[in-house]
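I opened my notebook to look at one chain from end to end. Here is what I looked up, entry by entry.

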Amino acid sequence: MLNLTLTPELEQFVKTQLENGKYTSPEEVVLAALRMFAKQENIYKGRFEELQREIMIGVEASSRGEVIDSDTVFHQIQAKLEQRRQHEGA
């Protein structure tokens, strides 16, 4: 079993969660926080691995001479952003 010492701010947060009735014990609050943290770490790890794969695809394409000049890339990015803005505004 671990014994934890919380900062005053975190201790107050735990108390607030208990007072709101969302949790019935400090342990539940800490467990919920750890579960959320673990989930976030898994998402981060998955995204990091995905980015590594995408980088390798780009490096391999570049090695084959399959590159796009920066002006074209920026125009494509701007077009995608504009398309998203229009879609979200609809």
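**Overall shape.** I started with the radius of gyration, taken over C-alpha atoms. The chain has 23 Å, whereas a compact globule of 90 residues would have a value near 12 Å. The globule rule I used is 2.2 Å times the number of residues to the power 0.38. Along the principal axes, the C-alpha atoms fill a box of roughly 60 × 40 × 20 Å.

**A note to myself.** This is a predicted model, where local features need pLDDT of at least 70 and side-chain atom pairs count only at pLDDT 80 or more, while totals for chains, interfaces and linings use all residues. Residues are numbered from 1 along each chain as its sequence is written, and side-chain values use heavy atoms, with hydrogens and water left out.

**Elements.** I found three helices and zero strands, in the order α-α-α from the N terminus. Helices (H or I, at least four residues) and strands (E, at least two) are DSSP runs, numbered from the N terminus.

How much of the chain counts as buried? I noted 8% of the 90 residues; buried means under 20% relative accessible area, exposed over 50%, and partly exposed in between (1.4 Å probe, protein chains only). The chain exposes about 8,400 Å², and carbon and sulfur atoms supply 58% of that area. Those areas come from the Shrake-Rupley method with a 1.4 Å probe; for residues, only the protein chains shown count as cover. I also looked up the 11 positive and 15 negative charges, whose mean positions are 4 Å apart. Lys and Arg count as positive and Asp and Glu as negative, without His and the chain ends; each charge is placed at NZ of Lys, CZ of Arg, CG of Asp or CD of Glu.

**Helix α1.** This helix has twelve residues and reaches 16 Å from its first C-alpha to its last, close to the expected 16 Å. The expected span is 1.5 Å times one less than the number of residues. G21 follows α1 with a positive phi near 80°.

Is Q17 buried or exposed? Q17 counts as buried because its relative accessibility is 13%. Leaving out residues up to four places away in sequence, Q17 touches K22, Y23 and V29, where contact means heavy atoms within 4.5 Å. L18, also in α1, is partly exposed because its relative accessibility is 27%.

**Helix α2.** I then followed residues 26-63, a helix of 38 residues that reaches 55 Å, close to the 56 Å expected. V29, A32 and A61 are buried in α2, and the buried residues of this helix pack against α1. Just after α2, G65 takes a positive phi of about 85°.
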